[in-house]
Amino acid sequence: MTRLALPDMSLVVLVGASGSGKSTFAARHFSRFETLSSDFFRGLVSNDENDQAATAAAFEALRFVAAKRLDAGLLTVIDATNVQPDARRSFVALAREHDVLPVAVVLDVPMSVCVERNAGRSDRTFGASVVKRQHDQLRRSLRHLGKEGFRRVHVLSGLEAVEEVEFYREPLLNDRREETGPFDAIGDVHGCRSELESLLVKLGYVIARDDLGRPVDAAHPEGRRAVFLGDLVDRGPDAPGVLRLAMGMVAAGHALAVPGNHEAKLVRALEGKKVQTSHGLAETLAQLAGESDEFRAQVLAFCRDLVSHLVLDGGRLVVAHAGLIEKYHGRASGRVRAFSLFGDTTGETDEFGLPVRLPWAEDYRGSATVLYGHVPTLETEWVNGTMCLDTGCVFGGKLSALRYPEKEVVDVPAERVWYEPAAPLGGAGSASTAPGSTSRRDPSLLRIDDVLGKQVVETRAFGKVGIREDNAAGALEVMSRYATDPRRLVYLPPTMSPPSVASRPGLLEHPAEAFAAYRKEGVDRLICEEKHMGSRAVVLLTRDAERFGAPTGWRGTIHTRTGRPFFDDATTDTFLARLDRAAADAGLWDELDTSWLLFDAELLPWSLKAGPLIREQYASVAAAATSALPAAAGILRTAADRGVDVADLLDRTTRRSANAEAYRDAYRRYGAPVSGLNGVQLAPFQLLASEGASHLGQEHLWHLAIADRLADADETLIRRTRRIEVDLAAADSEAAATAWWEELTAAGGEGMVVKPSAGLLRGTRSLAQPGIKVRGAEYLRIIYGPDYLDPSQLERLRDRDVGHKRSMALREYALGVEAVERFVAGEPLWRVHQAVFGVLAMESEPVDPRL
């Protein structure tokens, strides 16, 4: 049995005359969907697998499907004769276009066997002359396949070789996903051996030396490994010393390395090729001239064998000398290597003679962290999940490393300026504004294609959350025309699900069903909070306007659950000035050591936002009903007095009249007139975040204690939220909470919200519901109409399914949590906005109108 390797990410081209057994061979060695057969595609486009007139259309379709598979990184097999060079060249070009390796597998079967097999098949109408011509073309091609661009060529000569072969898949050399770290990625060293030693010691490595005292290895007692990001050589005082140490660490398994453009140039020089010895190469060659032939050979082998980039930690980390865009991660081609070594350039040079580089990191949208060097900067900086670690040590800057996964930067200063830079070092302190780069795009600017079309947002709390394309379009309209500036839109709250239909007769909602839902999730400790009849509000309060890209003196924003500001700028400023004073009096600024606070709250009264709705809908319905129904009841009573049988109609009309009055009384409780900020109150129930900290994991009592302190500081502005704790393991506790709800709703209150006491909490199967609203019977008249408690109406409303609503609530909650945590972590605006936008988009999801 002969075992042959196939790269995991490759395009396998089967080559063989008709009758050589390619389809049978493919079926034996590859899965059903991996093989694309030319015969099958002829059938797809013409209903006849042998219709040669359909060949052009068949191959057009085949290449399209192959391209989609290669886009997805899937091994793909082409089952066709491919005996002609032009046919093979088209597939080599396709592989290169998608940065995968082209592999040829040749079935060199005797011509007599091919002729005999075709003769026994009724669907083969061509004669032996066609097979002979194909066989001759194959024989002429054998010695040229390698030159055609195939990275591997497997020739199976004879039937026995075809029958006995076995393939195995091997990862590409850059695929080191099984290496999970922890790592210490080190930027461009450029021959600064002493600084490298100092940095390794600072990182905790123990350096080993040879008999001459030269560093030859460094190991970390905790098993960490260094990752050298290229450009170990040139310009600095001791390139051989750096190479000796790095090579020793890699050989001992204590480090990984990728090549830099300076290593690539050194390889050509050591191979005797003609190269320009500028940019420090002359110094490296002079230093290596003092080393042994054996060492120079080791250097050549080491640098030549380095792989363009490495994919590490399950695909979560990518390292490349000059960085790498997402579509090149884990791929192999000349252009992938060129990007890894040189970055994305325009082909032009700047006034310093340096290549003009495009700021690829500004448009990076990948999920993997990318660490790189190449472009010297004054300071390290995160840009869209990427970081340049070349801080110009050889030019008198620093030698920097990043601890991964901790994402902690460690650096040591250069001992001196070893090499004068061709241009001022660092520019504005980021890779994208350094010498040789184009101007940097404002990081606060968003791209429309970040939110257009179907989106999938990865969340820490709930996994992947999908956003439908049509929902995204609706959200884009709201966000672009009405919403708060995205730089200050950090969070949108989720929708809230009601409980399942109450089991008690005559009620639509009751606390028992909310308690049962959490009990099913394995959540025993709950808190019930008074539900204020206001408008959901998110309040961002800041003392650092620059943090949010706002003008000096800007205090923050207060917006609705769809991102729209509640007030004009002047009223907002007045409101937030009072809240600022309350936060100061409560000691929050100092205690949390922050310049901003983000609250989830309720803004009262409801009429502040819903005034037009109350006047134009609720009041008009109530006015018509309370005017017409009593009059109708009076007429019916007169008729009854005259002996007309209208008892049923009179009873129904009388009930409807009473219902209309109850409806009017229900909405009037929340319809207080508002003038400016008189009577306006904020009921905060959660402090979502402050500088450097997400507070979503805090228990709800912690949040409510913060709110109480604010109310103590300004009871006119801040409304307290009453609450009661529940232990589902104790029946009397559940009964007490139910009695409290009954008391609240009997007094005209809206109801309560039941939440897990622990805040952000996972249930037994998935993320637990953030809250379940349980509303009172009279309040629900506002939602469902005056007569909703009539048996026929109530029965219709009880036939509802909360499953989709709860699913929406969980997904929106997960997106909101993700937005806050991304913002606190300092992630780029587009990442924060992606999650916030997702919440707004999901609000377009259709839900059961009975909810």
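Predicted model: local features only at pLDDT ≥ 70, side-chain atom pairs only at ≥ 80, totals over all residues.
## Strand E28 and its neighbours

E29 covers residues 681-690, and the two strands pair in the antiparallel sense over eight bridges. E28 also pairs with strand E26 (residues 535-542), again in the antiparallel sense and over eight bridges. Within that pairing, Ser535 has Leu603 of E28 as its bridge partner.

E28 itself runs from residue 596 to 604, and nine of its nine residues are buried. Both faces are covered. One side carries Trp596, Leu598, Asp600, Glu602 and Leu604, while Leu597, Phe599, Ala601 and Leu603 lie on the other.

## Helix H18

Helix H18 comprises residues 607-641. A straight helix of 35 residues would span 51 Å at 1.5 Å a residue, but the end C-alpha atoms of H18 are only 44 Å apart. H18 bends by about 55 degrees at Ile614, and Ile614 is also one of the buried residues of this helix.

Other buried positions in H18 include Ser607, Ala610, Gly611, Tyr618, Ala622 and Leu629. The buried residues pack against helix H19 (647-668) and helix H22 (780-784). After H18 comes Gly643, with a positive phi near 95 degrees.

## Strand E5

Strand E5 (residues 101-108) is mostly covered, with eight of its eight residues buried. Leu101, Val103, Val105 and Leu107 are on one side; Pro102, Ala104, Val106 and Asp108 are on the other.

E5 pairs with two strands in the parallel sense. Strand E2 (residues 10-15) is joined to E5 over six bridges, and Leu11 stands opposite Pro102 there. Strand E6 (residues 152-157) is likewise joined to E5 by six bridges, with Arg152 of E6 as the bridge partner of Val103.

## Arg42 in helix H2

Arg42 lies in helix H2, which spans residues 38-46. Arg42 counts as buried because its relative accessibility is 7%, under the 20% cut-off. The side chain of Arg42 makes a polar contact of 2.8 Å with the side chain of Asp39.

Leaving aside residues up to four places away in sequence, Arg42 touches Asn47, Asp48, Glu49, Asp51, Gln52, Thr55, Ala58 and Phe59.

Key. Residues numbered from 1 in each chain as written. Heavy atoms only, no water. Helix = DSSP H or I, 4+ residues; strand = E, 2+ residues; numbered from the N terminus. Expected span 1.5 Å × (residues − 1). Bend = angle between axes of the 7 residues up to and from the residue. Buried < 20%, exposed > 50% of the residue type's maximum accessible area, 1.4 Å probe, protein only. Contact = heavy atoms within 4.5 Å. Polar contact = N/O pair within 3.5 Å; in protein donor to acceptor, adjacent residues only side chain to side chain. Pairing = 2+ DSSP bridges.
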